[in-house]
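These are my notebook entries on what I looked up in one structure. The sequence and the model come first.

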Amino acid sequence: MSAALKSKNSKAVRADSWVLRLYVAGQTPKSLTAFANLKKICTEYLKGQYRIEVIDLLENPQLARGDQILAIPTLVRNLPQPVRKIIGDLSNTERVLVGLDLRPRG
Amino acid sequence: MKNSFKKLEKRKLIGGRNNKDRPPRASLPKAPTGIQGLDEITFGGLPRGRPTLICGSPGCGKTLLAVEFLVRGATQYGEPGVFMAFEETEEELTNNVTSLGYDLKGLIARKKLVVDYVHIERSEIEEAGEYDLEGLFVRLGQAIDSIGAKRVALDTIESIFSGLPDPVIVRAELRRLFRWLKTKGVTAIITGERGEGTLTRQGLEEYVSDCVILLDHRVTGQISTRRLRVVKYRGSTHGSNEYPFLIDDEGGLSVLPVTSLGLEHKVSSERVSTGISRLDKMLGGGYFRGSSILVSGTAGTGKGSTAAHFADAACRRGERCLYLASEEGTEQILRNMRSIGIDLAPWVKKGLLRFDATRPTFHGLEMHLLRMHRLIDEFKPKAVIIDPITNYLALGDDLEVKAMLTLLIDFAKMNQITAIFTSLTQGGDYVEQSNIGIYSLMDTWILLRDLEINGERNRGIYVIKSRGMAHSNQICEFLLTDHGAELIDAYLGSEGVLTGSARAAQEGKEKANALERQQDIELKQRELERKRSALEAQIAALRARFAVEKEELEKKISEQESREEEFAENRAKMGRLRKAGSERNAKNRRKGTA
């Protein structure tokens, strides 16, 4: 939590203070939509402070187990802590923001 | 509906139990579970390459069945497996089944098994748009491919419903998953929680329709019973009853196939000694080998002793004997039997006799039955004694108990085991309360009963029935001496059946009578002797008198003769004195007459 707060308060943030992983399984329409939606949200809300890693489970199937992935697409916020998981094609921006703790719940 | 019924009928004719020798429908390959009894009920195992649904309430053994299916697949059938756990972590699962003797860690290390714990926590997941479960597919696919798995267990996949939002998507994805599993060619077990009025909470039975097995866990009278039922099995016949099963640390899960045994067992006409020679005679040579014998009687009539004699006799023949006691402990039985001169301890030492003493209430009925099965399988005895069977009657209703006994008897008969059941009866009537009609199942029924006469209780023994042998109809008195049980003919006479001291008194009376008769005869013989000697004495006296008289007479005769000679001499003398003339004359006279 403290990390998240810090990132909000200080202006001198590093580009990788937000590490987001998008798990997909091949270039499916849903994956492409998810990636596009993520890109849009990040540019709007996390300008210059994020890094997106796209993981294709078809290439690295063993990662599905290690990272406890069931649903595709899944967006995992590895940083800042704690880890958050958002599933779906990220078309619902409000829910994505809530999921990333960029907007209060409720 | 009608058509499907007809189909079913047809199938039964082709692959039914009556054609055991023929493999049931080559078109439906099956994957043996290796679980004792389950393969018999399903005629070979679960449908190979298809998913099977195992449903039941919590704690009924679903997970265990799934684990055993995989473990046995990996160890016995060379089919590696993937266990996808949604409820327990790998660690928890491993620990939970260690007590049952499964070494999951070892199997994992040898690449025979993959345990994948799927962690889903609803509160950690935010849904933002459409998704699918491709991740699960990838994950499962990867696990399957990593060890070339042939078997898969998903336990309990329904957790996904609570872990993920949008049940519509989950439903559609599961449907896809089961199809996908089929294309993967793995034999899968999917477990599901029992729902209200449905087999599973989420209606999984709609998707997994090839084979559905229902597990149940009931508690009646403080004793729990687990039951298994094959609800459906597409394309195969299956036992449709509820089968009791149990989970224990000796063999994991075992299902009791109630109907797998029949009446087509071999029968032997060989006789085996009862251990009591007089009883052998009553039965015309002993029990039949492989027959079941009921020894019933009220308390203290010598049922245990009769059984112990048989055990002793079996061991003497060099046969193994299993003694299942449910009332006394081993030591107690040994001591008590020693007191009547049967020393069973050496047989125990030799390994010919094995005791198994368990309180009946310790387990449910089927647990007992399974334990007995297992003990018999393990020890391979030729004789089994269950002392007493009555204790098991309280464990279930009549039907259940009778079913269990039938199973046990059939099992014993199939293995040519002579089984003795002792039964404690309430007493009173002649044919003591025929509890649950177990008597009809028995081949030989020996009744021990108290005979109360003249303020005494004595033991009597009867052979009430004995199939296939001409047995004695006599009532014998059963005596327990310090050198074993003895059978004595009870006194049968005008005064009825007498036993105990009454018999002894009667016998004494008879002895006295006999003695009297004997004395009478001797007396008469003596009188005869006396008369004979008196007669002989008389004869002797007469002879003596005769002898005396004879002597006198002879004396008189000789006197007479000598007198006659004297007289003649005197005459001659006188003649000489009268000179020759007369002599001449005398000579002339003599000439003339000549």
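This is a predicted model: local features need pLDDT of at least 70, side-chain atom pairs count only at pLDDT 80 or more; totals for chains, interfaces and linings use all residues.

Residues are numbered from 1 along each chain as its sequence is written, and chains are lettered from A and ligands numbered from 1 in the order in which they are written.

I read the elements of chain A from the N terminus as α-β-α-β-α-β-β-α, that is, four helices and four strands. Helices (H or I, at least four residues) and strands (E, at least two) are DSSP runs, numbered from the N terminus.

I then turned to the contact between the chains, which takes 28 residues from chain A and 22 residues from chain B. On the side of chain A, α3 (62-66), β4 (84-87) and α4 (93-99) each give two or more residues; α4(A) has the largest share, four residues.

I also found β4(A) paired in the parallel sense with strand β6 (residues 125-127) of chain B over three bridges; pairing requires at least two bridges found by DSSP. A:Ile87 stands opposite B:Glu127 in β6(B).

Last, I looked up B:Val295, which lies in strand β15 (residues 292-297) of chain B. Its contacts beyond four places in sequence include B:Lys303, B:Ile420 and B:Leu448.

Methods
Two residues are in contact if their C-beta atoms, placed from the backbone, lie within 7 Å.
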